[in-house]
Amino acid sequence: MDITCWNCKTVTALDKAAVEAALAAMDASKLGFHDVACASCGKSNRTARDVFEAGLAAFNAAPEMTKREINQAHKAEKAAKDKAKAERAAVKAAVRKARK
Ligand SMILES: [Zn+2]
(Lines give C-alpha, C1' and ligand atoms only; values in the text may rest on other atoms or scores of the structure.)
Protein backbone atom coordinates (compact mmCIF):
# COMPACT_ATOMS: atom_id res chain seq x y z
CA MET A 1 0.00 0.00 0.00
CA ASP A 2 1.10 3.54 -0.65
CA ILE A 3 1.26 6.39 1.82
CA THR A 4 1.45 9.84 0.27
CA CYS A 5 3.34 12.28 2.46
CA TRP A 6 1.20 15.24 3.56
CA ASN A 7 4.28 17.43 3.56
CA CYS A 8 6.22 16.66 0.39
CA LYS A 9 3.80 14.34 -1.46
CA THR A 10 6.42 11.63 -1.74
CA VAL A 11 4.77 8.24 -1.99
CA THR A 12 6.12 5.67 0.43
CA ALA A 13 5.27 2.13 -0.59
CA LEU A 14 4.66 -0.28 2.27
CA ASP A 15 4.96 -3.98 1.61
CA LYS A 16 2.78 -6.55 3.32
CA ALA A 17 5.31 -7.11 6.10
CA ALA A 18 5.40 -3.38 6.83
CA VAL A 19 1.61 -3.22 6.99
CA GLU A 20 1.53 -6.23 9.32
CA ALA A 21 4.21 -4.64 11.47
CA ALA A 22 2.18 -1.43 11.67
CA LEU A 23 -0.93 -3.36 12.73
CA ALA A 24 1.10 -5.27 15.32
CA ALA A 25 2.48 -1.99 16.64
CA MET A 26 -1.08 -0.63 16.96
CA ASP A 27 -2.14 -3.81 18.76
CA ALA A 28 0.71 -3.29 21.19
CA SER A 29 0.12 0.41 21.68
CA LYS A 30 -3.70 0.12 21.63
CA LEU A 31 -3.78 3.11 19.32
CA GLY A 32 -6.04 3.50 16.32
CA PHE A 33 -3.36 5.00 14.14
CA HIS A 34 0.23 4.54 13.18
CA ASP A 35 2.81 7.10 12.11
CA VAL A 36 4.61 6.27 8.90
CA ALA A 37 7.82 8.22 8.50
CA CYS A 38 8.24 9.73 5.06
CA ALA A 39 11.19 8.23 3.21
CA SER A 40 12.00 11.62 1.73
CA CYS A 41 11.45 14.33 4.35
CA GLY A 42 11.10 12.20 7.46
CA LYS A 43 7.81 13.74 8.59
CA SER A 44 5.32 11.48 10.32
CA ASN A 45 2.30 10.53 8.30
CA ARG A 46 -0.41 9.68 10.80
CA THR A 47 -2.46 6.91 9.25
CA ALA A 48 -5.66 5.38 10.61
CA ARG A 49 -5.82 1.70 11.45
CA ASP A 50 -8.67 1.27 8.95
CA VAL A 51 -6.31 2.28 6.17
CA PHE A 52 -3.80 -0.39 7.18
CA GLU A 53 -6.55 -2.99 7.50
CA ALA A 54 -7.80 -2.15 4.03
CA GLY A 55 -4.21 -2.31 2.79
CA LEU A 56 -3.66 -5.70 4.36
CA ALA A 57 -6.93 -6.98 2.91
CA ALA A 58 -5.76 -5.82 -0.50
CA PHE A 59 -2.50 -7.74 -0.05
CA ASN A 60 -4.39 -10.84 1.02
CA ALA A 61 -6.74 -10.58 -1.91
CA ALA A 62 -3.69 -9.97 -4.06
CA PRO A 63 -4.13 -11.15 -7.56
CA GLU A 64 -0.99 -12.12 -9.48
CA MET A 65 -0.43 -8.50 -10.37
CA THR A 66 -0.08 -5.80 -7.77
CA LYS A 67 -1.82 -2.50 -8.36
CA ARG A 68 1.53 -0.98 -9.20
CA GLU A 69 2.22 -3.65 -11.81
CA ILE A 70 -1.22 -3.16 -13.32
CA ASN A 71 -0.58 0.59 -13.49
CA GLN A 72 2.78 -0.04 -15.11
CA ALA A 73 1.21 -2.39 -17.63
CA HIS A 74 -1.38 0.26 -18.47
CA LYS A 75 1.32 2.88 -18.82
CA ALA A 76 3.38 0.64 -21.12
CA GLU A 77 0.28 -0.06 -23.20
CA LYS A 78 -0.46 3.63 -23.52
CA ALA A 79 3.17 4.43 -24.39
CA ALA A 80 3.10 1.77 -27.13
CA LYS A 81 -0.14 3.22 -28.51
CA ASP A 82 1.25 6.75 -28.44
CA LYS A 83 4.39 5.57 -30.20
CA ALA A 84 2.37 3.86 -32.95
CA LYS A 85 0.32 7.03 -33.33
CA ALA A 86 3.47 9.16 -33.60
CA GLU A 87 4.86 6.79 -36.21
CA ARG A 88 1.68 6.98 -38.26
CA ALA A 89 1.76 10.77 -38.04
CA ALA A 90 5.42 10.77 -39.17
CA VAL A 91 4.56 8.58 -42.17
CA LYS A 92 1.66 10.85 -43.07
CA ALA A 93 3.88 13.93 -42.80
CA ALA A 94 6.52 12.27 -44.99
CA VAL A 95 3.92 11.39 -47.62
CA ARG A 96 2.58 14.93 -47.58
CA LYS A 97 6.10 16.30 -47.96
CA ALA A 98 6.86 13.93 -50.86
CA ARG A 99 3.75 15.09 -52.73
CA LYS A 100 4.91 18.70 -52.72
ZN1 LIG B 1 7.65 13.80 3.01
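Me: At roughly what angle do the axes of helix α1 and helix α2 cross?
Reply: The model is a predicted one. Helix α1 covers residues 16-29 and helix α2 covers residues 49-60. Their axes come within 10 Å of each other, and the crossing is at roughly 145 degrees.

Me: Is the crossing of α1 and α2 left-handed or right-handed?
Reply: The contact is made on the α1 side by Lys16, Val19, Glu20, Ala22, Leu23 and Met26. On the α2 side Arg49, Phe52, Gly55, Leu56 and Phe59 take part. The crossing of these two helices is left-handed.

Me: How many residues of the contact of α1 with α2 are nonpolar?
Reply: The residues of this contact fall into three classes, with three charged and one polar among them. The nonpolar residues number seven.

Me: In what order do the elements of the protein run from the N terminus?
Reply: The protein contains three helices and four strands. Read from the N terminus on, the order is β-β-α-β-β-α-α.

Me: Is the protein a compact globule or more spread out?
Reply: For 100 residues the globule rule gives 13 Å, whereas the radius of gyration is 22 Å, well over that value. Along the principal axes, the C-alpha trace spans about 75 × 30 × 15 Å. Because the radius of gyration is well over the value from the rule, the protein is more spread out than a compact globule.

Me: What distance separates the centres of domain 1 and domain 2?
Reply: The domain assignment places residues 1-62 in domain 1 and residues 64-100 in domain 2. Taken over C-alpha atoms, the centres of domain 1 and domain 2 are separated by 36 Å.

Me: What percentage of contacts between residues at least 6 apart in sequence join residues at least 24 apart?
Reply: The contacts in question are those in the protein between residues at least 6 apart in sequence. Of these, the share joining residues at least 24 apart is 54%.

Me: Is His34 buried or exposed?
Reply: His34 belongs to strand β3, residues 33-37. Leaving out residues up to four places away in sequence, His34 touches Ala22, Ala25, Met26, Thr47 and Phe52. A residue is buried if 20 or more other C-beta atoms lie within 10 Å of its own. His34 has 22 such atoms, and therefore His34 is buried.

Me: Which residues does Gly55 contact, leaving aside neighbours within four places in sequence?
Reply: Gly55 sits in helix α2. With 21 other C-beta atoms within 10 Å, Gly55 is buried. Buried residues make up 8% of the 100 residues in the protein. Apart from neighbours within four places in sequence, the contacts of Gly55 are Met1, Leu14 and Val19.

Me: How far apart in space are Gly55 and Lys78, C-alpha to C-alpha?
Reply: Along the sequence, Gly55 and Lys78 are 23 residues apart. In space, their C-alpha to C-alpha distance is 27 Å.

Me: Is Lys9 buried or exposed?
Reply: Lys9 is in the loop between β1 (2-4) and β2 (11-13). Although Lys9 is not a glycine, its phi is positive, at about 70 degrees. There are 10 C-beta neighbours inside 10 Å, so Lys9 counts as exposed.

Me: What phi does Lys30 have?
Reply: Lys30 lies in the loop between α1 and β3. With 6 C-beta neighbours inside 10 Å, Lys30 counts as exposed. Lys30 is not a glycine, yet its phi is positive, at about 60 degrees.

Terms used: Residues numbered from 1 in each chain as written. Predicted model: local features only at pLDDT ≥ 70, side-chain atom pairs only at ≥ 80, totals over all residues. Axes fitted to C-alpha atoms, helices over the stretch in contact; angles between N-to-C directions. Left-handed = near helix turned anticlockwise from the far one by under 90°. Contact = placed C-beta atoms within 7 Å. Nonpolar A, V, L, I, M, F, W, Y, C, P; charged D, E, K, R; others polar. Domains from an automatic or database assignment. Rg over C-alpha atoms; globule rule 2.2 N^0.38 Å. Buried ≥ 20, exposed ≤ 12 C-beta atoms within 10 Å, placed from the backbone.
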